[in-house]
Amino acid sequence: MSEGGTTIEYTPTWVVAVVCSVIVFISLVAERILHFFGKYLKKKNQKPLFEALQKIKEELMLLGFISLLLTVFQDRIAKICISEDLAHQWLPCKEKKEVTTEHFQTLFSSFLPNGNGRRLLAEPADSTVYCTTKGKVPLLSTTALHHLHIFIFVLAVVHVTFSALTIVFGSTKIHQWKNWEDYAKDMEDDPEGVVKTKITQVQEHDFIKGRFLGIGKNSEIQGWVYSFFKQFYGSVTKSDYITLRLGFIMTHCRGNPKFNFHNYMMRALEADFKKVVGISWYLWAFVVIFLLLNFVGWHTYFWIAFIPFILLLAVGTKLEHIITQLAQEVAERHMVVTGELVVQPSDNHFWFNRPRLVLRLIHIILFQNSFEMAFFAWIWVQYGFNSCMMGQVRFIIPRLVIGVFVQFVCSYSTLPLYAFVTQMGSSYKKAIFEEHIQEGLVGWARKARKKNKGSGFKRSSNESSQVGPKEESPLVFEMDKVNGKESSSSAV
């Protein structure tokens, strides 16, 4: 009886039933909350946010699978033995000489009668004995496996939470621009502001006065310095919004001058959220690399805090500089223009001509910052504030300050900048159409492409038709291309 007291065989049935009931109840409550939240998003026609919720469910399912693997294979991993010399290399903390294998064996044998008992995700006595008899030590103890399991869970929860907060705060900032959208529409409805009869002095335009810094190398350097500091205060002004909005409409929606650019921008941001909230393979690779390099003396936990910080400053500066470049192009080419001042959107302003790369960088910034804060919280709760893995106070305070700074600036400045400036690319996103129109156009584009391919094949095989296949509508081609790009980027 005493030898098997910790197994299900000798555990009271009421204890098993109560524990199972509590676990099932908590799981069902969490599942119902997610279910009703999903129904609410569907009711409000928030399909992008609903898809983001599905992405969160996928991450939770992945965590559950990782948890299952750790539970099932914990004993087998603990019985993988390595030499003591290898086990003492690249340690996160300096090893205490008094802490030996015999010490752990004695410690756990005091809790486990006769050394035969087991606890779930706790150090089994026979795993240490198994390797000790061979003159070796376990590759990874089940106690360490348990701690690693908790860290992965904390990381995912913190990342999802921080991503959601970023979207909420960023959306709040973008909603403040709604007044500028209404002002721009009122100007278009004003009969005195007819575009054809208006003469605009370029140098006197508010957008040019606020962004154009002159011509030459000195002005180029000043432009980058100005863009660096501009991201921290008034990152987007009223004249910026109205001018870039008009440039987008004249390039992509010339036939609809009353196009609601603000709503389009919000729909595009919601669609991008489902990509930001996930944890891609390269982010998991980053976790593995950090765990590899986090050994004593390197202070990796401190230097890693600068990665999202530097990326954040680089992305914010680049986005601001794109607005400055748009003003520079107009100011260098024209002194006076007929009608309103119109900028020309282009992918050439973005890194590697890829506006979507900015979203990837924001994804990395949010994850690495979440990782830094999750690692700090995990060490504090698991090992205490005085743990050697926590580091000295002179390292802790800068990490926390940088983490809070990155989260605030990314939420209130960088993300709204991304949502606004990335619309200045050469192409538009499928969010330009309402949801029901998107589905209809994408389906129509695919059917038209298949039909044209089929009809072209029949004509070539019969060799009886002298008329080539119909040219696809530019709208069909563009929608099919945009949909393909976004689906491929989300798959990565």
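**Helix α1**

I started with F25, which sits in helix α1, residues 13–43. The model is predicted, so I'm keeping that in mind for all of this. Is F25 buried or exposed? Its relative accessibility is 57%, so F25 counts as exposed, since the cut-off for exposed is over 50%.

**Helix α11**

Next I went to α11, residues 238–252. From first C-alpha to last, this 15-residue helix reaches 21 Å, close to the 21 Å expected. Eleven of those 15 residues are buried, so α11 is largely enclosed by the rest of the structure. Among the buried ones I found Y241, R245 and F248.

**Aromatic pairs**

How many aromatic pairs turn up in the whole structure? My search gave 30. One is F248 with Y264, stacked at 5.0 Å centre to centre with 25° between the planes. F248 is in α11 and Y264 in α12 (residues 261–276), so this pair ties together parts 16 residues apart in sequence. Both F248 and Y264 are buried.

W378 and Y383 pair edge-to-face instead, at 5.7 Å and 80°. W378 is buried at 10% relative accessible area, while Y383 is partly exposed at 38%. Both belong to an aromatic cluster that also takes in F151, F286, F290, F367, F371 and F375.

**Last stop**

I finished at K173, whose charged end sits over the ring of Y412, 4.6 Å from the centre.

Note on methods. Residues numbered from 1 in each chain as written. Predicted model: local features only at pLDDT ≥ 70, side-chain atom pairs only at ≥ 80, totals over all residues. Heavy atoms only, no water. Helix = DSSP H or I, 4+ residues; strand = E, 2+ residues; numbered from the N terminus. Buried < 20%, exposed > 50% of the residue type's maximum accessible area, 1.4 Å probe, protein only. Expected span 1.5 Å × (residues − 1). Phe/Tyr/Trp six-rings, centres within 6.5 Å; stacked < 30°, edge-to-face > 60°. Lys NZ or Arg CZ within 6 Å of the ring centre and 35° of its normal.
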